[in-house]
Amino acid sequence: SEPAMISRLEAGINNNEWVVVTGWSPHWKFGRWDLKYLDDPKKVLGEVELVYVVVRDDFAEEYPEVAQFLSNIKLNDEQYATLIGIFEEAGSGQEMEAARQWIAENQDLVDSWIP
C-alpha cells in the first residue's frame, strides 16, 4: 500500500539506510526526497504513461480559450511531484491555498499555459 511504502521509505531515509521500494512517478515523494530510480531494462514496472484531458465534443467550440489552456498544460515529473507534494503537505481543506502557493512558485510555467 502507499502508506506502508511511504512509512518504510521515510524510516530508511531517517535512519540513513539503503532502502528500495516499489513506487511510481510522478509522486510527491520525489518532491520531498532525493530519490533514484533503479534500472528496469526489461520494463517490468511498465513504461511512460500519459494523462489526457477529456471534454465533450463541442467544448472547444464553446470555450476555445479554456480548451487551449487545457491543451497547453505540460508538466515534467519534477514539476508534477512538487505540485502534488504541496497538496500532500497542506492536507485536507487546504487545497486552494496549496494551489495558490504552487502557482506563485511556478508563475512563469503557469503563464506559459495561458493563451
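Biologist: Leaving aside its neighbours within four places in sequence, which residues is His27 in contact with?

Modeller: A word first: this is a predicted model, where local features need pLDDT of at least 70 and side-chain atom pairs count only at pLDDT 80 or more, while totals for chains, interfaces and linings use all residues. Residues are numbered from 1 along each chain as its sequence is written, and side-chain values use heavy atoms, with hydrogens and water left out. Contact here means heavy atoms within 4.5 Å. On that basis, and skipping neighbours within four places in sequence, His27 is in contact with Glu2, Met5, Ile6, Ala81 and Ile84.

Biologist: Is His27 buried or exposed?

Modeller: The labels go by relative accessible area: under 20% is buried, over 50% is exposed, and partly exposed is in between (1.4 Å probe, protein chains only). His27 sits in the loop between H1 and H2. Its relative accessibility is 2%, so His27 counts as buried.

Biologist: Which side chain does the side chain of His27 join in a polar contact?

Modeller: A polar contact is a pair of N or O atoms within 3.5 Å; within protein, one must be able to donate a hydrogen and the other to accept it, and residues adjacent in sequence count only if both atoms are side-chain atoms. The His27 side chain also reaches a backbone atom, the nitrogen of Lys29, at 3.0 Å. The side-chain partner, at 2.5 Å, is Glu2.

Biologist: What about Pro26, which residues does it touch, not counting those up to four places away in sequence?

Modeller: Pro26 is in the loop between H1 and H2, and with a relative accessible area of 29% it is partly exposed. Pro26 and Asn76 are 50 residues apart in sequence, yet their C-alpha atoms are 8.6 Å apart in space. Beyond four places in sequence, Pro26 touches Asp77, Tyr80 and Ile84.

Biologist: How many helices does the chain have?

Modeller: Helices (H or I, at least four residues) and strands (E, at least two) are DSSP runs, numbered from the N terminus. Reading along the sequence gives the pattern α-α-α-α-α-α-α. There are zero strands, and the number of helices is seven.

Biologist: What is the radius of gyration of the chain?

Modeller: That one is taken over C-alpha atoms, and the globule rule is 2.2 Å times the number of residues to the power 0.38. For 115 residues the rule gives 13 Å, and the chain is well over that, so it is more spread out than a compact globule, with a radius of gyration of 18 Å. The C-alpha atoms fill a box along the principal axes, roughly 55 × 35 × 25 Å.Back to that radius: the value is 18 Å.

Biologist: How many residues does H1 have?

Modeller: H1 covers residues 2-14. From its first C-alpha to its last it reaches 18 Å, close to the expected 18 Å, where the expected span is 1.5 Å times one less than the number of residues. H1 has 13 residues.

Biologist: Which residues in H1 are buried, and why do they end up on the same side?

Modeller: An α-helix has 3.6 residues a turn, so residues three or four places apart point the same way. In H1 the buried residues are Met5, Ile6, Leu9 and Gly12. They cover an arc of only 135° around the axis (taken from the directions from the helix axis to the C-beta atoms), which puts them on the same side of H1. So the names to remember are Met5, Ile6, Leu9 and Gly12.

Biologist: Which exposed residues does the face of H1 turned away from its buried side carry?

Modeller: On the buried side, the cover includes helix H2 (29-32). The face turned away from there carries two exposed residues, Pro3 and Asn14.

Biologist: At the start of H1, which residue has a side-chain oxygen reaching the backbone nitrogen of Ala4?

Modeller: Look at the start of the helix, where a side-chain oxygen comes to within 3.3 Å of that nitrogen. The oxygen belongs to Ser1.

Biologist: What is the phi of Asn16?

Modeller: Asn16 is placed in the loop between H1 and H2, and at 73% relative accessibility it counts as exposed. Its phi is positive in a residue other than glycine, near 55°.

Biologist: And where does Lys43 lie?

Modeller: Lys43 has a positive phi of about 55° too, although it is not a glycine. At 44% relative accessibility, Lys43 counts as partly exposed. Its place is the loop between H2 and helix H3 (59-62).
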